[in-house]
Amino acid sequence: MPYMLITERMDIEHHLRDPVFRALFEQTHEAVMIAGTDSPGILEANPRALQILGYSLDELRTLAVTDLSPDSQRAFLHDFIRATSGDGSERTLTTRLRSKYGEAVPCELNLRPLALGETGLLLFTFQDISERLQALHDIELRNVAIANVTSGVTIADARQPDLPLIYVNQGFQNVTGYSAREAVGRSCRFLQGNDRDQPPLDELRSALKEARPCVVQLRNYRKDGTLFHNELHISPVHNEEGELTHFVGIQLDVTEQVKARESLQRSEKRSREALAREKELNEIKTRFISMVSHEFRTPMTGIQASAALVRRFGDKLGPEKRVRHLENIEISLQRMNRLLDDVLFFSRAEADKLTVERTDLCLHDYFSRLMESLAPIHPGRDIHFHCTLGKSESFPLDEHLMDHIFQNLISNALKYSPPGSPVSCSVSRKNGDLVFSVRDQGIGIPATDQKRLFDAFHRADNVGARQGTGLGLNIARRATELLGGSITFDSQQDKGSTFFVHLPESPPEPSDQ
Ligand code: ADP
């Protein structure tokens with residue numbers, strides 16, 4: 001025991017015999033060591049010091065306090081002890097003390113002179129601060145992690161109205177463009193701007209009210225006003241008394257994901273629409289083929305039958321019957337011709353290949369010709385024509401398109417009214433428009449069918465098993481629109497129908513055609 005002075009030792013032992021002093025010395029939670037001022041040899045150590053350092057008391061008594069210091073700090077501790085011995089003032093230092101097993105235990109070491117009788121002594125008290133340091137280290141690590149995480153992290157004070165932000169990390173600043181100084185103190189809702197009608201806000205509001213965690217996706221706005229999609233994870237924080245104190249928010253900028261999802265949805269919608277369109281086109285094609293073949297078959301069968309009869313019986317038929325059969329053939333051919341015209345018009349319209357060729361058309365002459373051509377197909381039917389225009393007035397119109405409009409409207413009027421009832425047709429002018437009407441007193445159109453009447457292939461409930469393509473009105477409308485006009489109708493079931501066609505007297509600008 002090279003450093004120990006016998007007198008000092010005896011002095012301390014004498015004092016430690018005092019039961020109160022002994023109890024205090026042995027039971028205090030702090031580690032205590034006593035050393036001489038002149039010689040730094042350790043004279044006494046309490047059980048807590050022995051526990052921290054791992055030495056027995058006898059082993060410690062062979063060491064000086066500086067022997068417990070790691071090499072790098074030994075000189076410093078030495079100066080520290082000397083200074084306290086010199087001026088007698090108390091000092092505290094955070095250092096490491098080496099245990100018997102070589103472990104450097106972080107300690108907060110307090111050093112002060114100890115006046116015990118005549119002897120000059122130093123009192124070393126220390127605490128193992130490993131756990132405290134570890135806790136500090138952990139907090140620091142967490143702070144660094146939160147500060148450096150790329151997502152935005154915010155903390156809002158739940159005890160204040162409007163939940164002001166008290167912390168935002170760098171990630172928040174990167175995402176939003178607001179600096180911590182600009183954001184802290186503002187309500188945690190400030191990124192919503194005026195965009196307050198977002199359904200997820202209801203969920204967020206009730207989660208905040210009920211202090212429960214939630215995840216919502218919001219439209220938020222950066223400092224420069226640009227929109228970003230914010231996936232917000234909110235968690236409430238409670239204190240030990242269970243009171244709500246804060247809300248922690250984690251913000252993920254999911255703008256790219258939202259854009260990718262939206263563009264995927266758009267392209268899915270486009271391909272769904274393309275598929276639906278393809279399906280619709282296929283259906284149109286199928287209906288078109290079956291309709292055309294069906295509509296052609298009737299006049300063809302008529303032609304076949306009449307031709308066969310004329311060929312088979314020749315003169316035996318008598319002149320009247322022969323003429324009737326030949327007329328039948330002519331009417332059937334006319335029907336087929338019209339049908340073919342409609343079919344060609346429709347397919348060219350579907351392919352967007354229709355054009356307008358205007359020539360000066362005298363409407364008096366045009367309608368006389370039209371009536372004449374329809375008369376043989378509808379024998380015995382009356383078609384009245386009323387025209388308020390001058391007899392020789394002509395207008396720049398496309399005769400072919402006019403045929404498509406009026407042959408269809410007049411044929412329908414005849415087709416959908418009983419044999420004896422008249423059909424009337426009129427032309428007048430009103431406000432720069434030529435106004436045509438085709439009126440019948442037939443079966444009329446049920447209200448339920450009126451909306452879709454001009455759709456291709458649509459046939460109303462009123463017609464039963466009557467023949468028809470379901471194309472006539474669609475063709476009439478397309479032809480009218482090509483001429484820059486419009487078509488409407490007025491009809492009541494069982495009370496007849498009137499179709500109105502408005503065409504501008506002068507052709508519209510070329511770009512409208
Ligand atoms: P189609 O006459 O060949 O069936 P349209 O396109 O010309 O085809 O007419 C569509 C449907 O509109 C007809 O099937 C019929 O139900 C109804 N319709 C058209 N014109 C009249 C009319 N003047 N009176 C009653 N119904 C009509």
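Me: How do the residues lining the largest cavity divide into nonpolar, polar and charged?

Reply: Twelve are nonpolar, six are polar and one is charged. Here Ala, Val, Leu, Ile, Met, Phe, Trp, Tyr, Cys and Pro count as nonpolar, Asp, Glu, Lys and Arg as charged, and the others, Gly among them, as polar. Before we go on, some ground rules. This is a predicted model, so local features need pLDDT of at least 70 and side-chain atom pairs count only at pLDDT 80 or more, while totals for chains, interfaces and linings use all residues. Residues are numbered from 1 along each chain as its sequence is written, and side-chain values use heavy atoms, with hydrogens and water left out.

Me: Fine. How many cavities of 30 Å³ or more does a search of the whole structure find?

Reply: The general idea first: rolling a probe the size of a water molecule over the atoms shows where empty space is left. In practice, a cavity is a set of points on a 1 Å grid over the protein atoms alone where a 1.4 Å probe fits but cannot get out, and lining residues have an atom within 4 Å of a point. Points are joined across faces, edges and corners, and the volume is the space filled by probe spheres set on them. In this model the search turns up one cavity of 30 Å³ or more. The volume of the largest cavity is about 200 Å³.

Me: Which residues lie nearest the centre of the largest cavity, and which elements each supply at least two residues of its lining?

Reply: The lining has 19 residues, and C188, R189, L232, I234 and Q251 lie nearest the centre. At least two lining residues each come from β6 (152–157), α9, β8 (214–221), β9 (227–238) and β10 (244–253). Those labels number DSSP runs from the N terminus: helices are H or I runs of at least four residues, strands are E runs of at least two.

Me: In what order do the five strands of the antiparallel sheet come?

Reply: Strands of a sheet pair through backbone hydrogen bonds, either parallel or antiparallel. The working rule is that two strands pair if DSSP finds at least two bridges between them. This open sheet reads β7-β6-β10-β9-β8, with antiparallel pairing. Its edge strands, each pairing on one side only, are β7 (165–168) and β8. Neighbouring strands are turned by 25° against each other on average, direction ignored. (Axes are lines fitted to C-alpha atoms, for helices over the stretch in contact, and angles run from 0 to 180 degrees between N-to-C directions.) Inside the sheet, β9 and β10 share nine antiparallel bridges, and N230 has D253 in β10 as its bridge partner.

Me: What is the pairing in the sheet that contains β12 and β16?

Reply: Mixed: five strands make an open sheet in the order β12-β14-β15-β17-β16. At the edges sit β12 (383–387) and β16 (486–491), and the twist averages 15° from one strand to the next. Walk across from β12. It pairs with β14 (residues 423–430) in the parallel sense over five bridges, with H384 partnered by S424. β14 then pairs with β15 (residues 433–440) in the antiparallel sense over eight bridges, and here S424 stands opposite R439. In the hairpin of those two strands, with two residues between them, N431 takes a positive phi near 50°.

Me: Now salt bridges. What is the count?

Reply: The rule asks for a side-chain nitrogen of Lys or Arg within 4 Å of a carboxyl oxygen of Asp or Glu. By that rule there are 24. D202 and R205 make one at 3.4 Å, N to O; they sit three residues apart in helix α9 (residues 199–209), about one turn of the helix. R91 and D87 form another, with the closest N and O atoms 2.9 Å apart. E44, D58 and R61 are linked in a network.

Me: Which helices hold R369 and E399?

Reply: R369 and E399 meet in a salt bridge of 2.8 Å, N to O. R369 lies in helix α12 (residues 363–374) and E399 in helix α13 (residues 399–415), so the pair ties together parts 30 residues apart in sequence. R369 is partly exposed at 42% relative accessibility, as is E399 at 29%. On this scale, buried means under 20% relative accessible area, exposed over 50%, and partly exposed in between (1.4 Å probe, protein chains only).

Conventions
On a 1 Å grid over the protein atoms alone, a cavity is a set of points where a 1.4 Å probe fits but cannot get out, and a pocket is an open set with protein on both sides within 12 Å along at least five of seven lines; lining residues have an atom within 4 Å of a point.
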